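Please read it alongside the sequence and the structure shown here.

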Amino acid sequence: MGNENININGLQFEWDVQKGTFQFEGQEAVLFWISTAMKSFFDTIEEISGAEASSLVFETSGFRQGLVVGEYFEKMKDLSVEEAAKSITSTYASAGWGQIEVKNLCYETKTLTAYLKNTWEYKINVAQNKQQEGKFLPAHFAGIFSGLFGTNIWYEVVQQQLEGHEYSIINYYPSEISITQNIHQLARKKESEQIQQLEKLVEEKTKELKDLVKQLSSPIIPVLEGIVVVPLIGKYEVDRAEELITNTLNNLPSHKASYLILDLTGLDKDISEHTASLIEKIGSASSLIGSKTILVGINPELSLIISQSGMNFSQFDCFQSLQHGIHFALGQMGRRIL
């Protein structure tokens with residue numbers, strides 16, 4: 001004992017237990033438990049590839065396998081497409097693929113409808129608690145009839161057994177939709193999603209950096225009672241300049257500042273008239289809320305721009321260093337550092 005064979009409806013099954021082989025219609029085959037081993041196989045692919053990519057993997061595999069079957073039967077010239085379809089569905093039923101019936105097959109229009117019930121893919125989907133049936137078998141029969149008709153056939157799912165219907169019903173028709181096209185579309189979609197994720201990340205990091213710059217840029221430093229220092233650092237574009245003015249004016253009252261010292265030492269060397277205008281605006285606005293402005297750290301480049309700008313800086317007391325400016329403010333307040 002070791003070699004066994006059986007014929008079911010004209011289909012031959014053979015086992016050689018000693019060699020560990022199983023043949024179906026003269027071709028080596030394997031047997032798997034549907035709701036356990038095959039389910040685990042499908043689950044693993046989905047876990048690694050993700051739901052969307054794995055769905056395309058199953059669809060592509062189903063179509064290409066079906067195409068091989070269809071082309072094989074198409075070469076059997078003694079069989080019509082209708083006869084080949086019946087032979088294929090009968091063979092699949094014997095192999096445990098489920099109840100499969102082809103209706104409304106028309107060679108002229110190359111259309112048909114397939115009725116599928118209790119297929120192995122349906123049983124796997126039930127074991128997986130899926131809400132939608134897989135695409136392997138629908139695409140598989142699209143591949144079969146693409147081979148039989150000699151033209152690309154695609155499908156549309158009308159209803160699914162998983163939704164509570166007695167059968168899954170699928171319409172097939174000639175189409176320009178192809179597996180290769182679907183693969184490229186998914187690749188472009190994934191690439192687009194990655195680009196969007198990168199853009200979002202860049203946007204988030206840019207916002208974080210801007211917020212950090214706002215926090216660090218031109219802080220108000222209360223050095224002594226009634227005296228605050230605002231160091232101007234770097235280059236001031238429109239947004240940053242407005243932020244500086246707003247932040248300074250909103251915080252001066254809370255410090256009860258009689259003197260605002262603007263330290264210009266850290267300004268960017270590429271100083272524009274816009275920067276000079278910014279200084280004048282801060283000083284003029286500060287005076288309106290009772291704070292006198294002192295300028296310190298004016299370098300030769302800035303002094304030249306100020307003199308050429310035509311702006312009136314005579315309202316401000318100017319000193320070379322921050323130390324001089326603080327001593328001056330203290331003196332004006334009748335105080336001094338001992």
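**Pocket, rings and charges**

The largest pocket has a volume of about 1400 Å³. Its lining comprises 36 residues, and F24, A29, Y92, A95 and W97 are the closest to the pocket centre. The model is predicted.

**Pocket lining**

- At least two lining residues of the largest pocket come from each of β2 (11-16), β3 (21-24), β4 (27-28), α1 (34-49), α2 (51-74), α3 (81-94) and α5 (136-149).
- Helix α2 gives the most to this lining, with 8 residues.
- Sorted by class, the lining of the largest pocket holds 26 nonpolar, 8 polar and 2 charged residues.

**Aromatic contacts**

- The structure has 18 aromatic pairs.
- One of these is the tilted pair of F145 and F149, with 5.9 Å from centre to centre and 35 degrees between the planes.
- Both F145 and F149 belong to helix α5, where they are 4 residues apart, about one turn of the helix.
- F145 is buried at 2% relative accessible area, and F149 is also buried, at 6% relative accessibility.
- A cluster linked by ring pairs contains F41, F42, F58, Y92, W97, W120, F136 and F141.

**Charges over rings**

- K103 places its charged end over the ring of Y115, 4.3 Å from the ring centre.
- K110 has its charged end over the ring of Y107, at 4.6 Å from the ring centre.

**Salt bridges**

- Side chains of opposite charge can pair when their charged atoms come close.
- The whole structure contains 3 salt bridges.
- K39 and D43 form one of them, with 2.7 Å between the closest N and O atoms.
- Both residues, K39 and D43, lie in helix α1, 4 residues apart, about one turn of the helix.
- K39 is partly exposed at 22% relative accessibility, and D43 is partly exposed with a relative accessible area of 25%.
- E46 bridges to K130, with the closest N and O atoms 2.9 Å apart.
- Because E46 is in helix α1 and K130 is in the loop between α4 (120-127) and α5, this pair ties together parts that are 84 residues apart in sequence.
- K130 counts as partly exposed, at 27% relative accessibility.
- K117 and E166 meet through their side chains in a salt bridge of 3.5 Å, N to O.
- K117 lies in strand β6 (residues 111-117) and E166 in the loop between β7 (153-159) and β8 (168-174), so the pair ties together parts 49 residues apart in sequence.
- K117 counts as buried, because its relative accessibility is 18% and the cut-off for buried is under 20%.

Conventions:
Residues are numbered from 1 along each chain as its sequence is written. This is a predicted model: local features need pLDDT of at least 70, side-chain atom pairs count only at pLDDT 80 or more; totals for chains, interfaces and linings use all residues. Side-chain values use heavy atoms; hydrogens and water are left out. On a 1 Å grid over the protein atoms alone, a cavity is a set of points where a 1.4 Å probe fits but cannot get out, and a pocket is an open set with protein on both sides within 12 Å along at least five of seven lines; lining residues have an atom within 4 Å of a point. Grid points are joined across faces, edges and corners, and a volume is the space filled by probe spheres set on the points. Ala, Val, Leu, Ile, Met, Phe, Trp, Tyr, Cys and Pro count as nonpolar, Asp, Glu, Lys and Arg as charged, and the others, Gly among them, as polar. Rings of Phe, Tyr and Trp (its six-membered ring) pair if their centres lie within 6.5 Å; planes under 30 degrees apart count as stacked, over 60 as edge-to-face and the rest as tilted. Buried means under 20% relative accessible area, exposed over 50%, partly exposed in between (1.4 Å probe, protein chains only). A charge sits over a ring if NZ of Lys or CZ of Arg is within 6 Å of the ring centre and within 35 degrees of the ring normal. A salt bridge is a side-chain nitrogen of Lys or Arg within 4 Å of a carboxyl oxygen of Asp or Glu.
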